[in-house]
Amino acid sequence: MTATIATHQDRYPPGDLAIWIFILAELAVFAIFFAAYAFARMGDVALFDHYQATLDKDAALLNSLALITGSYCVVRALAAMREDHRAASVRWLIAALGMGTLFLVVKSLEYAHHLAAGVRLSTNTFYMFYLSLTFFHFMHVIMGMVILAAVAWKAHRGGYSAREHTGMETGGVYWHMVDLVWLILFPLVYVMR
Amino acid sequence: MKYRSQAVARPYFIAAIGLFLAQIVFGVILGIQYVVGDFLFPEIPFNVARMVHTNTLIVWILMGFMGAAYYLIPEETERELYSPLLAHVMFWVFLAAAALTVAGYLIVPYARLAELTGNDILPTMGREFLEQPTITKVGIVIVALAFLFNIGMTVLKGRKTAVSLVMLIGLLGLALLFLFSFYNPTNLVLDKYYWWWVVHLWVEGVWELILGSMLAFVLIKTTGVDREVVEKWLYVIIAMALITGLVGTGHHYFWIGAPEYWQWWGSIFSALEPLPFFMMTVFAFNMVNQRRRNHPNRAAVLWALGTSVLAFIGAGVWGFLHTLAPVNFYTHGSQITAAHGHMAFFGAYVLINITMISYAMPLLNGREANSMRSQVLEMWSFWLMSVSMVFITLFLTGAGILQVFLQRFTDTPLPFMVVQEKIALFYWLRLISGLVFLGGLVVYITSFFVAARDARQGIAPVAKDAELAPVNP
Amino acid sequence: MAQVFTKSMARNIFYGGSVFFVLLFLALTLDTSLTLPERDQRHQLDPSTEVGQRIAEGKRLWEHNNCIGCHTLLGEGAYFAPELGNVYTRFGNNKEAIKAFIQSRPAYGIPGRRSMPRFNFSDAELDAIAEFLKYSSEINTAGWPPNKQG
């Protein structure tokens, strides 16, 4: 386990190995959660279908676009940093943060709507999964934004260069995971019948 | 021993082993009571013996943690302890409190003890593992605060390493979470909900931090592997421990009145709780395989490897066995629980303490390692205790499976006591294993005396110098 | 293969992950606190009522006599003696049967067998214990235990 300074071209996977161990663990949690959802749904398809119809698919679609756009911004930020365009890189990261904020706002409005309708974790199994899965993911978006903000701040202060920007890659990899999980969660919980 | 103040660890370690012996003697008494119901009745009823068994366990593990902290913190921070005197005083306070409490359990009826210690002023007694009188609990808090102050000041003024910081965070969490033992509402569900914040968040939360840092310390010292590598592992392991263990608390909330979504949250996260223990096993074996030196204290390395394996089997595998809600519905509060409890506590917390004691005691006595003869005895005791504990676990698991099928997973459930008689054979076998365990512990204690005698006669730790040659040059 | 695995990243994951899951656990606890009134029979516990006082006294006696040292209550405790969370229903929803059982324990045990100690409770104390056990049996425990044998 020798830590060597390598350029981005010859290293795989990108970012810090520790984050990959972490991401694998995170994906395992989500995978078990998704499997549990599918298992529980088999037990009462009618209930799941009925309450799935109460969800706001448009809001979720908007949120999917926000996260994909956010991921694109992170890719551009990294590309900019590889060309040593520090200011551009920071701007792309701020744009990604903006997309994250959009996601949080839209999701919060959805939650407000459900809470006002008296929906709680204990209301029924479908809402239990809906709230658990999306809230768990919601917290991941916040976490990802905290990481991106830290990366942006470090980039702004000149902490990264075209040669050494492992930290930015690491943060980006985490953000992509948050995006990826949503892209499974969205069809699974909102759309699939 | 590099710093003089590390010597305060010595009485803590000795007291820990003394209490360990008491714990096992009472464990044997309990084992007999399981098959000869009126043994020592009514002088020492089962509940009293059980209190002594579990409370001495908790106290000696805490003693071990404190001793370990006093030993490793000066070495990690590269300075003397802030106040060795305070550490000495607190040792006697803690030991006196423990001795008085156990004496109270044995001498007067528990209800009388509750009265005498004014439990009605602030009722905290009579709950599993938290049976100590309220004043003892206050004493524990005072000792913990003084201890944390002492350790904290030392860390603050010295070199800050991952090992010492993780240990400090673990100890801080231990002290803070213990405060929930003072919360005891009439509402049984709330009582149980927050009771687990002490019990679960200790053993499957902050204690794992302490365990991790102690294991990391011993592995750094005995294998000579680069600290950077060890500390990276340490962080990843304890991160996984908290990530899975915090929400994993939910596996205790299935059937005590808490909302039913805990069955999902608890099952999902606690299903991942074996992960950090598995990583710990991989870590320990990796470090030993990559060792840069052959430490003369081979017994300590064996204890360390044993910790990682048995903690994984006991806490990880046996925990997973009955953690999923549909399974736990039938196994909750059965002998399966007892099987898991025994193996997990032994594998994780008993063995890590012995690992530390085994590594540090020779150094505290002024030699790098004990004589080979003494170490061979230690290795014998390792195998005797570990194998007998595996058998205790297997027999209790057998008893538990039968219990579940006769009493719960059946259309014609039998009453509890009828089932207990039907599975008595397993309890007899468990008792025999328990006696072997006691024998193993006696061998362990004997090894200290053999070590002292060999040291007086000037017998060197390792017979052949050749064995000290580096393995991976 | 060149690989980067830094200690500072591992440390950040530890701190970040811990804070994250502490917050998640607290959020779930908050929801639990809001949901519990529907499940934990707290309306029975009102200390201004006679039943509430009896339950509180019953729990005090339960604790002062360390009943958990042999029995389980909602599956938690020692596994030496029967589960008591559902003893009220097991005894036919009959508080008198519980009281009679406690009173009938021999002072010097039963030769060779497990036996509950003799506690010499007053009638009011027995009432309190029975009330507490009745209350325990009415907590919504998601259907546990599987059958009346506990």
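Let me begin with chain A, which has 193 residues, 37% of them buried; a residue is buried if 20 or more other C-beta atoms, placed from the backbone, lie within 10 Å of its own, exposed if 12 or fewer, and partly exposed in between. This is a predicted model, in which local features need pLDDT of at least 70, side-chain atom pairs count only at pLDDT 80 or more, and totals for chains, interfaces and linings use all residues. Residues are numbered from 1 along each chain as its sequence is written, while chains are lettered from A and ligands numbered from 1 in the order in which they are written.

As to confidence, the model scores ipTM 0.97 and pTM 0.94. For chain C the mean pLDDT, the predictor's confidence in each residue from 0 to 100, is 95, and 98% of the residues of chain C reach 70 or more.

I return to chain A. Its secondary structure comprises six helices and zero strands, counted as DSSP runs numbered from the N terminus: H or I of at least four residues for helices, E of at least two for strands. The C-alpha atoms of chain A occupy a box of roughly 55 × 35 × 20 Å along the principal axes. Of the chain A contacts between residues at least 6 apart in sequence, 81% join residues at least 24 apart; a contact requires C-beta atoms, placed from the backbone, within 7 Å.

Next, the interface of chains B and C. Here 61 residues of chain B are in contact with 61 residues of chain C. Helix H8(B) gives the most to the chain B side, with eleven residues. That side divides into 36 nonpolar, 14 polar and eleven charged residues, where Ala, Val, Leu, Ile, Met, Phe, Trp, Tyr, Cys and Pro count as nonpolar, Asp, Glu, Lys and Arg as charged, and the others, Gly among them, as polar.

Which residues have the most contacts inside the largest nonpolar core? The core has 257 residues, and those residues include Tyr70(B), Leu215(B) and Ile238(B); such a core is a set of buried Ala, Val, Leu, Ile, Met, Phe, Trp, Tyr and Cys residues joined through C-beta atoms within 7 Å. H7(B) gives the most to this core, with 23 residues. The core also draws at least three residues from each of domain 1 (9-38) and domain 2 (42-150) of chain C, with bounds from an automatic or database domain assignment. The C-alpha centres of these two domains lie 34 Å apart.

Finally, beyond its neighbours within four places in sequence, Tyr70(B) is in contact with residues including Gln6(B), Tyr12(B) and Leu81(B).

Technical notes
Contact = placed C-beta atoms within 7 Å.
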